[in-house]
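Some notes follow on strand pairing and helix packing, in numbered points. Please read them with the structure open.

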Amino acid sequence: MSNGRERDKKLLLVVEDDLGLQKQLKWGLDQYELVFATDRESAITQVRRYEPDVITLDLGLPPDPANASVGMQVLQEILQLHPESKVIVLTGNDDKLNAVNAIGLGAYDYCQKPMDLDKLGLILERAFLLRDLEKENRRLAAIRSQNSPLQGVIAASAEMLEVCKLVERIAPANISALLLGESGTGKEVLARAIHALSDRSDRRFVAINCASIPDNLLESELFGYEKGAFTGAVKQTPGKVEAAHRGTLFLDEIGDMPMPLQSKLLRFLQERCIERLGGRQEIEVDVRIISATHQDLEEMTLNGSFREDLYYRLAEFVITIPPLRARPGDAVLIARAFFNRYCDELGRRLKGLSEEACRAVEAYSWPGNVRQLENRIKRAVIMADGSQVSAGDLGLSVGDELDILPLNLRQVRESEEKRAIMKALGVANNNISRASELLGITRPTLYSLLEKHAIQSDPGG
């Protein structure tokens with residue numbers, strides 16, 4: 001059992017089958033707590049167990065220590081399991097090419113044998129320092145996001161970051177905004193962000209869903225009513241518009257507002273005064289309007305189902321929110337955020353989403369967008385039997401979609417390269433000269449790529 005001093009040391013995983021070198025490293029790197037693995041299976045087991053920040057990996061592992069193929073395989077598996085780890089590969093003096101290839105696959109650095117412990121110590125020190133900096137940056141970013149009015153928006157895709165930029169730009173301006181997007185894309189989250197970033201943030205944000213209230217009740221919900229205005233009106237009741245005075249009124253699913261009520265809303269936007277149902281007194285109201293819909297309002301103005309003059313009043317600035325399927329990388333980020341939230345709320349001690357689950361989440365088209373993803377994650381957290389949420393727990397499989405992109409960047413490049421070559425050959429009817437022109441490369445280069453990707457083509461071009 002480790003004593004207190006050892007537990008305070010930084011943990012270093014050493015993947016090395018040479019017992020003599022293990023002893024040398026244990027003696028020369030006593031500032032670290034060393035954990036050893038001697039082959040592929042034990043290396044993967046230790047990575048799963050300790051999730052080490054830094055790893056040294058001998059590329060010459062059994063059962064074929066004279067060949068680097070096993071070591072390269074282990075490197076890829078480690079980076080797939082724990083991509084944040086810094087892997088320093090150890091190679092022989094005559095094996096620099098494999099070291100360079102390992103760097104290309106994602107290794108942090110390399111060190112050649114026979115081992116210079118001083119040099120290795122400096123590389124390890126830099127690697128641990130970099131991991132500490134990365135963790136601190138992530139911690140600070142989390143703090144910033146918790147204090148940000150956009151804290152409900154989880155995004156890494158360029159498409160959604162551009163939307164966030166627009167939200168931050170228009171929020172201080174006292175103009176009406178129209179949010180367009182499919183159901184479940186987070187229109188109300190962005191509406192609240194606009195309110196939180198505006199000079200009305202200390203006032204109320206009042207939301208009403210125009211599709212969820214019957215037409216005959218929507219007017220009284222919006223504008224309020226006087227006592228006796230209709231059967232059951234036993235007291236004077238202000239509406240949502242009044243409740244949002246000096247704040248923000250969010251009209252969700254504005255495309256479902258009945259035509260007669262559109263006229264009354266337009267009059268309010270023009271005059272900034274309302275009359276309660278059954279009342280005669282004009283009441284001035286200062287409110288910012290943010291509206292949202294999944295429908296095509298411009299098309300509705302053309303077919304007469306939505307007032308054109310009201311559309312232009314509501315759409316002083318339009319923000320289109322992309323569906324989740326058009327936001328590369330966001331689905332997994334959002335899934336992990338929901339996973340953490342529901343594990344806390346439901347008291348489940350799960351380790352995370354499995355790799356298969358992450359791939360299935362990224363591949364699925366999510367027709368119900370973020371709302372559907374949230375429901376699936378919540379259900380999976382409740383139902384998961386293992387230590388991780390699997391694709392099966394999510395009701396997904398890796399075969400639900402056509403192709404799942406590989407997570408490794410090299411694999412992505414090669415996949416797209418092969419796809420482009422196949423497309424060019426099809427357009428050129430297998431004419432190599434024409435295909436190479438379309439791709440902007442020489443014939444010899446194209447022949448090399450055909451061989452690399454094992455693509456069969458008619459050589460007669």
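1. Strands β6 and β11 pair in the parallel sense, with four bridges between them. Within β11, T293 is the bridge partner of L180. This and everything below refers to a predicted model.

2. β6 also pairs with β12 (residues 317-320), again in the parallel sense and over four bridges. Here L178 has V318 of β12 as its bridge partner.

3. Are the faces of β6 covered or open? Both are covered: A177 and L179 lie on one side, L178 and L180 on the other, and all of these are buried.

4. Helix α8 spans residues 187-196, and its buried residues are K187, L190, A191, A193, I194 and H195. The elements that cover them include α7 (158-170) and the strands β6 (177-180), β7 (205-209), β8 (248-252) and β11 (288-293). On the spacing of such positions, residues three or four places apart in an α-helix point the same way, because there are 3.6 residues a turn.

5. Another sheet is open and has five strands in the order β2-β1-β3-β4-β5, with parallel pairing. Its edge strands, β2 (32-37) and β5 (109-113), each pair on one side only. From one strand to the next the twist averages 25°.

6. In that sheet, β4 (residues 86-92) and β5 are joined in the parallel sense by five bridges. I88 stands opposite D109 of β5.

7. Which helices pack on this sheet? Helix α2 (residues 19-28) does, touching β1 (10-15), β2 and β5, and its direction makes about 170° with that of β2. Helix α3 (residues 40-50) also packs there, touching β1, β2 and β3 (54-58), with a direction at about 140° to that of β2.

8. Helices α4 (residues 69-81) and α5 (residues 96-105) have axes that come within 10 Å and cross at roughly 20°. The two helices are therefore roughly parallel to each other. The crossing of α4 past α5 is right-handed.

9. Which residues make the α4 and α5 contact? From α4 they are M72, L75, Q76 and L79, and from α5 they are N98, N101, A102 and L105. Sorted by class, the contact has five nonpolar residues, three polar ones and no charged ones.

Note on methods: Residues numbered from 1 in each chain as written. Predicted model: local features only at pLDDT ≥ 70, side-chain atom pairs only at ≥ 80, totals over all residues. Heavy atoms only, no water. Axes fitted to C-alpha atoms, helices over the stretch in contact; angles between N-to-C directions. Parallel < 35°, antiparallel > 145°, perpendicular 65-115°, else oblique. Left-handed = near helix turned anticlockwise from the far one by under 90°. Contact = heavy atoms within 4.5 Å. Nonpolar A, V, L, I, M, F, W, Y, C, P; charged D, E, K, R; others polar. Pairing = 2+ DSSP bridges. Buried < 20%, exposed > 50% of the residue type's maximum accessible area, 1.4 Å probe, protein only.
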